[in-house]
Amino acid sequence: MRVVYQVREVRRRHLAFCADLGNASSDYRQTQQLRRGNLDDMSSTNPVITSGPVRFEHWYDFTEGGPVHRALLPFPSTTPAPFEVARWSVAPKTSNDLDVHRSREVWVIVSGTGTLTWADQTTVLRVGDVAAFESKVPHQIRNDGPDPLLAISVYWLQEND
């Protein structure tokens, strides 16, 4: 008798689960239709043109470290991104230029190892490490390793700038 009850209970839960799954699927479809509708109504921005891989162009060279490339973000000038992106490298046993600016900045270390100096502090950065700098804080990295140090920078102005 107990086994029959357990089978009925499992079947009841399974049917309830399937009903919930059907409702969730229906809700998902409705949400996707709404999203597609919202995208279709966007007359000023074509999501195909303003999305996808980002191209980089040479921007400038550090005094001793290496080149800096700036990303060409695909967003229209009427609605630009609130940030910009650059990638750069520092040759072994050299440093990038001491940098201080009015924008906030985040570095992501892609390869290599270096000693980061900011304000009056230092630390070692390795692959995968991230460093963030408030505006007007001097910062610089020295490549201590045998291979080039490669990094990505994301930077943006604060709202009051």
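Predicted model: local features only at pLDDT ≥ 70, side-chain atom pairs only at ≥ 80, totals over all residues.
Residues are numbered from 1 along each chain as its sequence is written, and side-chain values use heavy atoms, with hydrogens and water left out.

**Overall make-up**

- Reading from the N terminus, the order is α-β-β-β-β-β-β-β-β-β.
- Of the 161 residues, 23% are buried; buried means under 20% relative accessible area, exposed over 50%, and partly exposed in between (1.4 Å probe, protein chains only).
- Take the contacts between residues at least 6 apart in sequence: 62% of them join residues at least 24 apart, a contact being heavy atoms within 4.5 Å.

**The six-stranded sheet**

- Six strands make an open sheet in the order β1-β2-β3-β9-β4-β7, with antiparallel pairing; two strands pair if DSSP finds at least two bridges between them.
- β1 (55–61) and β7 (130–133) sit at the edges with a single partner strand each, so one side of each has no neighbour in the sheet.
- On average, neighbouring strands here are turned by 25° against each other, direction ignored, using axes that are lines fitted to C-alpha atoms.
- β4 and β7 pair in the antiparallel sense over four bridges, and Val106 stands opposite Ala132 in β7.

**A nonpolar surface patch**

- Val108, Val110, Val130 and Leu150 form a nonpolar patch on the surface, with about 300 Å² of accessible area together.
- Patch residues have over 30% relative accessible area and no salt bridge; nonpolar side chains (Val, Leu, Ile, Met, Phe, Trp, Tyr) are joined within 5 Å, like charges within 9 Å. A salt bridge is a side-chain nitrogen of Lys or Arg within 4 Å of a carboxyl oxygen of Asp or Glu.
- Val110 belongs to strand β4 (residues 103–111) and counts as partly exposed because its relative accessibility is 44%.

**Gly114**

- Gly114 lies in strand β5 (residues 114–118) and is buried, at a relative accessible area of 0%.
- Leaving aside neighbours within four places in sequence, Gly114 has contacts including Thr123, Leu125, Ile141 and Leu149.
- Gly114 and Leu125 are eleven residues apart in sequence and 5.4 Å apart in space, C-alpha to C-alpha.

Methods
Helix = DSSP H or I, 4+ residues; strand = E, 2+ residues; numbered from the N terminus. Areas by Shrake-Rupley, 256 points an atom, 1.4 Å probe, with all protein chains shown as cover. Axes fitted to C-alpha atoms, helices over the stretch in contact; angles between N-to-C directions.
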